[in-house]
Amino acid sequence: MNQDETTEGGCLCGALRYRIGGPVGPAVHCHCEMCRHSGGGAVATWISVASDRFAFTKGEPRVYHSSAQAERRFCPRCGAQITFWSERHPDIMDVTVGTLDRPESLRADHHIWTEGRLSGLPRAMPAEA
Ligand SMILES: [Zn+2]
Ligand SMILES: [Zn+2]
């Protein structure tokens, strides 16, 4: 991968835009209850990047403290969740894959917090061979 590449994304309404310096991926599907409720999906799919490589380039996100250590940032206008950050891993910023401009090239075949997995979901998401 080209280390000079940047990855960009934003929320549904366009009020928030962000940039990630350098390559990203792979992605993980998180099955925890907090990700379900904050994102509205059966899973939340995240990439983890170095915090100092991530920056909002347009707009000001709102912050929700989903636990004593954790901050979830979202668009105050359309509600789209963009980031998860925890004091436990301050050097890491998790970014929602669904808000990337071009998420389709990412691999996303890893699952975390699977004890929370909804029983109606397939055991594994279909993946390309
Ligand atoms: Zn928005
Ligand atoms: Zn989660």
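The turns below cover the basis of the model, then strands, then a glycine.

Me: What kind of model is this, and what pLDDT do local features need?

Reply: Residues are numbered from 1 along each chain as its sequence is written, and chains are lettered from A and ligands numbered from 1 in the order in which they are written. This is a predicted model in which totals for chains, interfaces and linings use all residues, side-chain atom pairs count only at pLDDT 80 or more, and local features need pLDDT of at least 70.

Me: How many residues of strand E4 are buried?

Reply: Helices (H or I, at least four residues) and strands (E, at least two) are DSSP runs, numbered from the N terminus. A residue is buried if 20 or more other C-beta atoms lie within 10 Å of its own, exposed if 12 or fewer, and partly exposed in between, with C-beta atoms placed from the backbone. Strand E4 spans residues 44-50 and is mostly covered. Of its seven residues, the number buried is five.

Me: Which residue of E9 stands opposite Ile47?

Reply: Two strands pair if DSSP finds at least two bridges between them. E4 runs antiparallel to strand E9 (residues 92-96), and five bridges join them. E4 is also joined to strand E3 (residues 27-30), antiparallel, by four bridges, with His29 opposite Thr45. In E9, the residue opposite Ile47 is Val95.

Me: Which residue in E9 stands opposite Phe84?

Reply: Phe84 belongs to the pairing of E8 and E9, which is antiparallel over two bridges. A hairpin of five residues joins E8 to E9. Strand E8 (residues 81-86) is mostly covered, with five of its six residues buried. Opposite Phe84 stands Asp94.

Me: Which residues is Gly9 in contact with, leaving aside its neighbours within four places in sequence?

Reply: Two residues are in contact if their C-beta atoms, placed from the backbone, lie within 7 Å. Separately, Gly9 and Thr57 are 48 residues apart in sequence and 9.8 Å apart in space, C-alpha to C-alpha. With those sequence neighbours left aside, the contacts of Gly9 are Tyr18, Thr99, Leu100 and Asp101.
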